[in-house]
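I opened a structure I had not seen before and kept notes as I went. Here is what I looked up, entry by entry.

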Amino acid sequence: MTETEPLREAMIEAAERQLATSADHEIATRAVCEAVGVSQPVLYRLFGDKRGLLDAVADHGYERYAALKAAQEQTHDPVADLHAGWDGHMAFARQNPALYQLMFTPRPWSRSTARDRVMDLLVAALTRCAAAGALRVEPQTAAQLILAANVGTALDHIARPALFDDPALSHRMRDAVFSHVLTETTAHDDADPLHATALRLHAQLELTGTEALEPAETALLRRWLERITQPATTLEDLPS
């Protein structure tokens, strides 16, 4: 830990407290500095500017989010874990509305990595589903669909609770998206069995790797599997 790290953490926590209690979910840098007993030049030295401080608060929020995810029990059923993950995401949004909006609402010039890192956690969970044969599409595509639906539902509930007050809405959205990306692990009548097998093998390779192949051979196998699981490229898609 660097010499300035405790001060930096104190300022992030002060900014988050102010964010949570502010009627407009904004912060004042002067008030943050006063809360920890430093001058504003200290804030500029540690964070660059107000945007840098907000990015730091958003990334700190990710650390809390990731800690909750790590504490969530991982069962033998990755699909059940995925359902629990959706509900955990919604609970985090309800408990931390101002912080959640900071993490997930696009901000011009933001350098926060919070949303990207949440996406990585979701891709990892979906890779487990793919390895179990429970995913219709490759994990990255599934993650994009699920995160967009999860975040959109949460942000709408925070911003317009009177309009999005149906307690069943979250699960209706979840079930609609999951039905598009998930399949029953016991199904054997897949319309494209080669695609399904390649998807599962690719996920297993990502999870466990293999010592049976040289690194170059593994990379080639991974590329072949990606070619099979990605949508077919037509002549119109190729650069002219």
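**Entry 1**

I began with helix 1 (residues 5-21) and helix 3 (residues 40-47), which pack at an angle of about 105° with their axes 11 Å apart. Helices here are DSSP runs of H or I with at least four residues, strands are runs of E with at least two, and the numbering starts at the N terminus. For the angle, axes are lines fitted to C-alpha atoms, for helices over the stretch in contact, and angles run from 0 to 180 degrees between N-to-C directions. Helix 1 and helix 3 are therefore roughly perpendicular (65 to 115 degrees; under 35 is roughly parallel, over 145 roughly antiparallel, the rest oblique).

Which residues make the contact? I found Leu7, Arg8, Met11 and Ile12 on helix 1, and Val42, Leu43, Leu46 and Phe47 on helix 3. Contact means heavy atoms within 4.5 Å. I sorted these residues into 7 nonpolar, no polar and 1 charged. In that sorting, Ala, Val, Leu, Ile, Met, Phe, Trp, Tyr, Cys and Pro are nonpolar, Asp, Glu, Lys and Arg are charged, and the others, Gly among them, are polar.

A note on what I'm reading: this is a predicted model, where local features need pLDDT of at least 70 and side-chain atom pairs count only at pLDDT 80 or more, while totals for chains, interfaces and linings use all residues. Residues are numbered from 1 along each chain as its sequence is written, and side-chain values use heavy atoms, with hydrogens and water left out.

**Entry 2: the two sides of helix 3**

I stayed with helix 3 and listed its buried residues: Gln40, Val42, Leu43, Leu46 and Phe47. Because they cover an arc of only 150° around the axis, they sit on the same side of helix 3; the arc is that of the directions from the helix axis to the C-beta atoms. Pro41 and Arg45 are exposed on the other side of helix 3. Buried means under 20% relative accessible area, exposed over 50%, and partly exposed in between (1.4 Å probe, protein chains only).

What covers the buried residues of helix 3? The cover includes helix 1, helix 2 (29-36) and helix 4.

**Entry 3: aromatic pairs**

My search of the whole structure gave 3 aromatic pairs. The ring centres of Tyr65 and Phe92 are 5.3 Å apart and the planes are at 85°, so this pair is edge-to-face. Rings of Phe, Tyr and Trp (its six-membered ring) pair if their centres lie within 6.5 Å; planes under 30 degrees apart are stacked, over 60 edge-to-face, the rest tilted. Tyr65 is in helix 4 and Phe92 in helix 5, 27 residues apart. Both Tyr65 and Phe92 are buried.

Trp86 and Phe178 also pair edge-to-face, at 5.9 Å centre to centre with 85° between the planes. This pair joins helix 5 to helix 9 (residues 169-181) across 92 residues. Trp86 and Phe178 are buried too.

**Entry 4: a loop residue**

Is Gln74 buried or exposed? Gln74 is exposed, because its relative accessible area is 60%. I placed Gln74 in the loop between helix 4 (50-71) and helix 5 (78-95). Leaving out residues up to four places away in sequence, Gln74 touches Asp81 and Arg128.

**Entry 5: the whole protein**

I counted 11 helices and 0 strands. Of the 240 residues, 38% count as buried.
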